[in-house]
Amino acid sequence: MNIFGNEEEESQVNDTRIISNSLGIDLGTLNTVIAKPSGDKFDLYQIPSVVAVKKDDPSEVLAVGEEAKKMLGRTPEDILAVRPLKKGVIENVAQAQALLIKAMQIGIEEGESVGRIVIGIPGDSSEVEKNAAEEIGRKAGAENILVISEGLAAAIGAGLPIAEPNGTMVIDIGAGSTDIVIISLGGINDIETVRCGGDDIDNRIVELVAEKYNVAIGIHDAESAKIEVGMIHCSEQLENLSVEVIGKSLETNRPKKVVIDSMLVADAVEPFMQEIVDGLNVILERLSPELMMGVYNNAVAVGGSSRLRGLKERVFDEISIPIEVSDDPMTVVAKGTAIVAAEPLALEPEVRLRAMK
Ligand SMILES: Nc1ncnc2c1ncn2[C@@H]1O[C@H](COP(=O)(O)OP(=O)(O)OP(=O)(O)O)[C@@H](O)[C@H]1O
């Protein structure tokens, strides 16, 4: 089968497959990012990780990406708009496959050959989860498929010196999960995954607003407020910003205006930040002294949630390691996978095995 589902094209794909038509895909909980190498740059595309399916047969996919996202919360009774990944993990194979096919259609024009496809998945994924990711890739038409850890991909995309023996650290805070990865000699030395991310913050904002104001707000409004005024408690005095949101009064069922400020968002982030700090402490406890200097000099935060103000200060307060926040935190994993896809030697076999640890 090829990505366009035509047998004639399939043989063409197999005969003429070239590495230049390769794609890197970050199959995320909230967003799927596609990076296609183009000279020394990348063409980048992003689609929401949402599919619309029939309620009575969730394997029957009706729409994918933007079109499906528009249906969230507004679908007729017989249609469901769902996310195929939960907390970074493929929850429904048929739906994830539909998402991947869409991603490949976006990155590779109809009739073009399919080169190597590299998919980033959370670093602590089980063998079963890795096999599922490979399987959906193959079923989507990519025979030359490689699954690598998102943390390693992020380090490659961020241009960190991954081949050095000194060690680097990547903290990837996404929508559904957070990976803390130590890399040295081109492979993963250690990894700790915390199964929470921006989605948990949004849910907690909704809960806090209900507790504080007796008002129910929508999850998307909570996310927008977080993006606009969000911060993390830290030793630095950061500006307390605020934004107005209209919700539904739980007393009167009427519209009611509430103010969400940075302090409320920081309170919502706190339990989740504690889990990240626990993860950092665990990984530092295991870190060999030989890698400490490299990690101290090369630590980077990626993923959309790394944009929260105060992250870098809070991490330093907690573990005395300075971190850089990537300036393209939401596309860096896809860029890293695209580099590996286009460059066959980006990961030598034994390094690749470790990358897939
Ligand atoms: N400026 C911002 N401030 C805070 N959070 C943000 C900001 N921009 C995006 N986010 C959050 O980042 C998350 C999306 O990040 P990203 O695209 O890296 O996740 P993902 O790859 O879909 O998830 P995962 O890696 O967990 O599978 C969402 O929770 C979003 O609300």
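With 9 C-beta neighbours inside 10 Å, N253 counts as exposed, a class that takes in residues with 12 or fewer other C-beta atoms within 10 Å of their own, whereas 20 or more make a residue buried and the values in between partly exposed, with C-beta atoms placed from the backbone. The model is a predicted one, in which local features need pLDDT of at least 70 and side-chain atom pairs count only at pLDDT 80 or more, while totals for chains, interfaces and linings use all residues. Residues are numbered from 1 along each chain as its sequence is written.

N253 belongs to the loop between β15 (242–249) and β16 (255–261), where strands are DSSP runs of E with at least two residues and helices are runs of H or I with at least four, numbered from the N terminus. Although N253 is not a glycine, its phi is positive, near 60°. N214 likewise has a positive phi, of about 60°, without being a glycine; N214 sits in the loop between α6 (198–213) and β14 (215–216) and is partly exposed, with 14 other C-beta atoms within 10 Å.

Another loop, between β11 (168–173) and β12 (178–184), holds A175 and also G176. The UniProt record, an unreviewed entry, places the feature "binding site" at A175, G176 and S177; such annotations may be inferred rather than shown by experiment. A175 is buried, with 25 other C-beta atoms within 10 Å, and G176 is buried as well, with 21. Apart from residues up to four places away in sequence, A175 touches G28, T29, L30, G197, G198, D199 and G304, contact being counted when C-beta atoms, placed from the backbone, lie within 7 Å. With the same exclusion, the contacts of G176 are T29, L85, K86, K87, G88, G197 and D199.

Two packed helices are described by the angle between their axes and the distance between the axes. The axes of α8 (residues 262–286) and α10 (residues 311–319) come within 11 Å and cross at roughly 45°, and α8 is therefore oblique to α10, a term for angles other than those under 35 degrees (roughly parallel), over 145 (roughly antiparallel) or from 65 to 115 (roughly perpendicular). M273, V277, L280 and L284 of α8 meet R314, E318 and I319 of α10 in this contact. Its residues divide into 5 nonpolar, no polar and 2 charged, where Ala, Val, Leu, Ile, Met, Phe, Trp, Tyr, Cys and Pro count as nonpolar, Asp, Glu, Lys and Arg as charged, and the others, Gly among them, as polar.

Methods
Axes fitted to C-alpha atoms, helices over the stretch in contact; angles between N-to-C directions. Contact = placed C-beta atoms within 7 Å.
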